[in-house]
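My entries follow in the order in which I made them.

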Amino acid sequence: MCGIVGFAGKERAVPYLLNCLTRLEYRGYDSAGIALSGQRGIEVTKRKGKLSVLTSELMSKKQSQSQCGIGHTRWATHGAPEEKNAHPHLSSNGYFAVVHNGIIENYEALKRELISQGCKFSSDTDTEVIAHLLEKSYCGDFLSAAKYTLSRLEGSYAVAVLCKDYPGKIFCSRWGSPIVIAKTDKGNFISSDVTSLMEYTDEVVKLGGGESALVDSEGIEFFDKDMKSIERSPEKIQWSVEDVGKKGYEHFMLKEIFEQKDTVSGLVGEYVRGGETSFPDIKFSDKELFEFERLIFIGCGSAYHAGLAAKYFTRGITGIPCEAETASEWRYGSVPVNEKCLCVFISQSGETADTLAALRKARDGGARTLGVVNVVSSSVADESESVLYTRAGPEIAVATTKAYTAQLVTLYLFALRLAKLRGRISSAQQERLIGELLRAPDKIGGLLKTLPEKMKALSREYYTSEQMYFIGRNTDCAAAMEGALKLKEISYIPCQAYAAGELKHGTISLIEKGTPVVALMGNSALFAKTLSNVKEVKSRGARVIALCSEENYGKSTDFCDSLIPLPEGGEFMSCLFEGIALQLFAYYTARHLGCDIDKPRNLAKSVTVE
Ligand code: F6R
């Protein structure tokens, strides 16, 4: 996490740095800071808290005329969220200022070495070693010092550096964490991602792993890992500047929930041709797809929940043994894989450190790898053998909504493809299932007309709850886990999700009079089974909110305190509709509680640390 920016142009740098940082704040908001390069040296301003605190501080000071600077918005990893740990970090002699995104894994050893050489540290961060290494190795040549310093670092980094002797110039480099660079008529920019630059340009260079650049107002020079000059050409940004605005919505999360009709219809338009699933860019042949004997869906958080749903529906319609794993666990286990095993890495950002590490492990173990990714040319996309883009557009709210839905739809279409290739579904069945998917956008459009008021009213009844339970079976269980995550991450209400049949093996002892239980019963094949669990909790005093298909509505009324009818969704679509309903429930609950919906505490959107 953390966002870094840099600007070198012919106008004052501060407004550009602050504007870009505003767009990067979703990556972390524990503290923010900037460093400006000038003839008299480097000037740093940093503050604990959100970017607004830094902005007020800068507005109250004499306006700097510097036309070059770097900036940072932090999600704390090493060192508490305090001002001393805010970036930029200066070297002891003030010659170098550094902003960093990533983790320097060997920083303790480096710090001991630097302290023994007389360096004085003023923060608890891993980043500060970079500033001191630069100072120690500097003999008048910025690039040589940078080359030496980078060679000493282990871990992941995207760094931007100012050097006092090189006013107007920014050095940047990346390994693991992303950096994009843009040449514009305002000046030249570096940033952690394209969304912060879309106001200024529609094309960027994505710096490759180990590559570096020296940026000033006149141009950009690129270097390979040996600091030899290289040529890099810009690529077009796929998204538009309108996509990164709130479009009149109170929060990005609400806007992104409402975009889901278009997300699904866009995906279906992309991956369905002439009534058949079509993945023209996939790098696996039909023969290879036919021959996979095992699928493992791997991701973190909501992406893992999409993988869990995929495990159930893919296994159901293809007959292929499927597993779903959290990347943070899978990467450390000893899991045998081979070339008949397809590992599917699911990630919105494509930069999640655990997912990336799991991908490398799968590749090293001999598995085939497929990325299901939203951000084009991100690390998971680049390092997977093949990639299916989820095409949800930029997602700014920290809690994922449309990107999660897009993962479900993409994975389902992929499952249909495998099922067809393996002869597990007939053309008629395929036509029926694809037909359902083609009708999904209208159903979502309908839901988005009626559900917001219902969920707002429901959340008014429940927002003071001390805890909540979510239950469901199979794909409904995956939706229960996602619904619970959504609610807890933005409203801070403790929530637990269970496979409905598991409650009676322990957790049911926690159910007492008034305990809220959200029962997901959209999957009609399992409706009766989950209803029996609803009866069990109801008879122990639970207040039950049930989500089920319209056709099962009448069968549930006697056992539930609130019922949310959803369109009939079969084995797959139920979790799609349930997901959207629970996103709205979480949103309105957090709104009643006055929470910071788009930037929940302690979180950040892009988790580039382990
Ligand atoms: C929850 C949420 C997270 C992400 C997780 C993985 O709302 O957004 O749980 O799903 O951090 O992120 P990506 O998909 O970028 O790998």
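Entry 1: the shell around the ligand. I sorted the residues of this shell by class and found six nonpolar, seven polar and two charged. The model I am reading is a predicted one. The shell holds 15 residues, and I noted that Ser347, Gln348, Ser349, Thr352 and Glu489 come nearest to the ligand.

Entry 2: Which residue places a polar side-chain atom 2.7 Å from an oxygen atom of the ligand? I found that this residue is Ser349. I then turned to the backbone. Thr400 has a backbone N or O atom 3.0 Å from an oxygen atom of the ligand. For Ser302, I recorded a distance of 3.2 Å between a polar backbone atom and an oxygen atom of the ligand. I count each of these pairs as a polar contact because the cut-off for N or O atoms is 3.5 Å.

Entry 3: cover and position. On its own, the ligand has 410 Å² of accessible area, and the protein covers 90% of this. Two elements give two or more residues to the shell around the ligand: helix H9, residues 301-318, and helix H15, residues 475-491.

Entry 4: Rolling a probe the size of a water molecule over the atoms shows where empty space is left. I noted three cavities of 30 Å³ or more in the structure.

Entry 5: the largest cavity. I recorded a volume of about 90 Å³ for the largest cavity. Its lining consists of 14 residues, and those nearest the centre are Cys2, Thr77, His87, Gly102 and Asp126.

Entry 6: I wrote down the residues that line the second largest cavity: Arg12, Val14, Leu36, Glu43, Leu58, Lys61, Lys62, Gln63 and Ser64. How many of the lining residues are charged? I found four charged residues, together with three nonpolar and two polar.

Definitions and conventions. Residues are numbered from 1 along each chain as its sequence is written. This is a predicted model: local features need pLDDT of at least 70, side-chain atom pairs count only at pLDDT 80 or more; totals for chains, interfaces and linings use all residues. Side-chain values use heavy atoms; hydrogens and water are left out. A residue is near a molecule or strand if one of its heavy atoms lies within 4 Å of it. A polar contact is a pair of N or O atoms within 3.5 Å; within protein, one must be able to donate a hydrogen and the other to accept it, and residues adjacent in sequence count only if both atoms are side-chain atoms. Accessible areas come from the Shrake-Rupley method with a 1.4 Å probe; for residues, only the protein chains shown count as cover. Helices (H or I, at least four residues) and strands (E, at least two) are DSSP runs, numbered from the N terminus. Ala, Val, Leu, Ile, Met, Phe, Trp, Tyr, Cys and Pro count as nonpolar, Asp, Glu, Lys and Arg as charged, and the others, Gly among them, as polar. On a 1 Å grid over the protein atoms alone, a cavity is a set of points where a 1.4 Å probe fits but cannot get out, and a pocket is an open set with protein on both sides within 12 Å along at least five of seven lines; lining residues have an atom within 4 Å of a point. Grid points are joined across faces, edges and corners, and a volume is the space filled by probe spheres set on the points.
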